[in-house]
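Student: I'd like to learn how to read a new structure. Could you walk me through this one?

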Amino acid sequence: MTSQLPILVAALVFPGGVFALALGLALKGADRRFAARLQGRVGPPLAQPFFDIVKLGFKRTMAPDVACAPVFFGAPLVGAASMLLAMTLVPIAGVYAPGPIGGDLLVLIYLLAVPGVALMLAGSSSGSPYGAIGFSREMAMMLAYEGPIVLIVAAVALRVGLATGQGPTFSLSAIVAYQQAHGALLFDPVMWPAVVAFVFFYPANLGIVPFDIPEAETEVLEGPLLEYSGRPLALFKVMSALKAVVVLGLGVALFMPLPFAGVVGLVGWLVQLLALALIGVTAVRVGAGRMRIDQAFVFFLKWPLAFALIGVIAAAYFSAGVAP
Amino acid sequence: MTLLAKLKDVAARSPWLYRINAGSCNGCDVELATTALIPRYDVERLGCLYCGSPRHADIVLITGPLTKHVLAAAQRVFAEIPDPKVTVAVGVCPISGGIFRESYAICAPIDQYFPVDVNVPGCPPRPPAIIEGVAKAIAIWRQRL
Amino acid sequence: MNFLTLFARNLRLGPYTEPFPLGPATPAPKRLRARIEFDAKSCEGCLLCEKLCPSGAIRFARTPAGLAFDCFHSTCVFCGTCAFYCPTGAIRQTTDWSLAHLEGETFALAEHGLIPPIVCAECGGKGLDTAPNVAKVRPPLSDEEYSALRARCPKCRNKFLRSRGKTP
């Protein structure tokens, strides 16, 4: 349908920019409302994150005297811009395929690391000791979860690439096309270790309990975001909303794209994202307690890394003889 | 209504709360925690969230009779809260000193030091009384946006 | 109960949040200790509540208009000591918790009462229209005896009660 959108349109209107922001904030609102219902409360209206962003636009922007102003104000811009660009690389099965410039899985993985770096820069440039703690914890979490995601991506690339007879393929469009022809990788037993590793990866990446350690409100007073107010804070909220759409969209594209096209495909993709958000994000967030940073770090270096390694080895071993 | 007035109406639906414990006995702080957390008196319906940083706050809830030890720190934290903001004094201690009224160590009533807008008497006030005070504060905050 | 059964139960039963402030408040518990109320007609003038109030919210003042009672709700800690020790039950705690107010109205949120002065029916001296404490009088006073007692100054009240025979 829209495979050759100019990059500016793709970044600012669909599927990035306005569309992704509205979708991300709507998912966040659904998450808060569902979390409230799981706890027996009424909860905020579904459009609450939109109200939050509008309200942040009316607040005064303050910065500490000791903050490094270019980095302090540049970090949210860099984070939000990276997520806008990342959204142009996430394919929506049957609806949108990234052009040949994008469509590279490795570029997407690099772009996914930028919001974490933006948070780290925010924490360290704010000059506050809580920001410094948030900076070190965010760095520890990134070290912990970057290993598994790289191995998961390698596993999927190996599986799809070797099964189609070429080398490992890092093009998301090719991965989606393979799954539309041969069935989703979610139902492929060889990929199940990689799926399990991804299930551990995305709560840490999105900053959800039990892994929302860098931005813990009660422990480090919101860590890197402590000194932000007004529009830069609104940009950070925008960045986290966009990141949720990118990561969940990546999960859908890697493991379970639907074989429909057009409006049905778009609606199916939205339903998949909503289901992933409600079950995989909200229920986990409400049911679990936050881990300590050392617990989370050691945990990631054990189980998700082990599952991802097994996934890579299995994908390489079992895909060699599979016919295209 | 102009677009700006409509946007302000939208913005008024997301007041974020921040608590300053100015030497309180924690009775009012426990009631503040229950107002937000327990399902029976859910304050998130009004769009309120307890934020961890004063920079994110819109409505400041001050408890405690402002002991001399905490006066300087409370004034510094209060100055970090960006405008527009509304101040709510929770409990009788900030309003008049409450049961500590004749103590040498307190600086109550706190409206000598902070521009208080809404008072919520009680020792401690019931969570519905605190929600009533917060609702009044949201109405004032809408005027200040 | 593990958390999955809790989720299922909460989703099935729906939220149990009280509708206030978007709806009427649920009635307060019957024994809730909240705002106090003063009834000048039943006050004995013993000033026990003023002595016992831990935060000094209750103040009596002797004015030309009589004995004035003032209690600022913003100083009252709702302890109930005054109501517990009041001999006649003139000061009581109600269940009215809805006291949130704007900063300018702080001093308006008070309970006021006045016990007017009387001229003693017997000796013509100065007295106050306080309710006599007649709980332990035997035999119990009739209504005319009560009004006669009320119209006298303290010294003449004592004389009246002694003349009845049994001391209070």
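Student: Let's begin with chain C. How many Å separate the centres of domain 1 and domain 2 of chain C?

Tutor: Taken over C-alpha atoms, the two centres are 26 Å apart. Domain 1 of chain C covers 31–115 and domain 2 covers 118–168; such bounds come from an automatic or database domain assignment. Before we go on, keep in mind that this is a predicted model: local features need pLDDT of at least 70, side-chain atom pairs count only at pLDDT 80 or more, and totals for chains, interfaces and linings use all residues. Residues are numbered from 1 along each chain as its sequence is written, while chains are lettered from A and ligands numbered from 1 in the order in which they are written.

Student: How many residues of each domain are in contact?

Tutor: First the idea: two residues are in contact if their C-beta atoms, placed from the backbone, lie within 7 Å. Here 10 residues of domain 1 of chain C touch 5 residues of domain 2 of chain C. On the domain 1 side, these are 4 nonpolar, 4 polar and 2 charged residues. For the classes, Ala, Val, Leu, Ile, Met, Phe, Trp, Tyr, Cys and Pro count as nonpolar, Asp, Glu, Lys and Arg as charged, and the others, Gly among them, as polar.

Student: Is helix α1 of chain C buried or in the open?

Tutor: Helices (H or I, at least four residues) and strands (E, at least two) are DSSP runs, numbered from the N terminus. A residue is buried if 20 or more other C-beta atoms lie within 10 Å of its own, exposed if 12 or fewer, and partly exposed in between, with C-beta atoms placed from the backbone. Helix α1 of chain C (residues 3–13) has 11 residues and the number buried is 0, so the helix lies largely in the open. Just after α1(C), Gly14(C) has a positive phi of about 80 degrees.

Student: And what does chain A bring to its contact with chain C?

Tutor: Chain A brings 8 residues and chain C brings 7. On the chain A side, α2 (17–38) and α11 (262–287) each supply at least two residues. By class, that side has 3 nonpolar, 3 polar and 2 charged residues.

Student: How many helices and strands are in chain A?

Tutor: Chain A has 12 helices and 0 strands. Its radius of gyration (taken over C-alpha atoms) is 19 Å, close to the 20 Å that the globule rule (2.2 Å times the number of residues to the power 0.38) gives for 324 residues, so chain A is as compact as a globular protein of that length. Of those 324 residues, 56% count as buried.

Student: What order do the elements of chain B follow?

Tutor: From the N terminus on, they run α-β-α-β-β-α-β-α-β-α. That comes to 5 helices and 5 strands. Of the 145 residues of chain B, 59% are buried.

Student: Which strands does β1 of chain B pair with?

Tutor: Two strands pair if DSSP finds at least two bridges between them. Strand β1(B) (residues 16–21) runs parallel to β2(B) (residues 49–50), joined by 2 bridges. With β3(B) (residues 59–63), β1(B) pairs in the parallel sense over 5 bridges. Leu17(B) stands opposite Tyr50(B) in β2(B) and opposite Ile59(B) in β3(B).

Student: What kind of unit do β1(B), helix α2 of chain B and β2(B) make?

Tutor: A crossover is right-handed if, with the strands pointing away from the viewer, the path from the first strand over the helix to the second runs clockwise. With helix α2 (residues 27–37) of chain B, β1(B) and β2(B) make a right-handed β-α-β unit.
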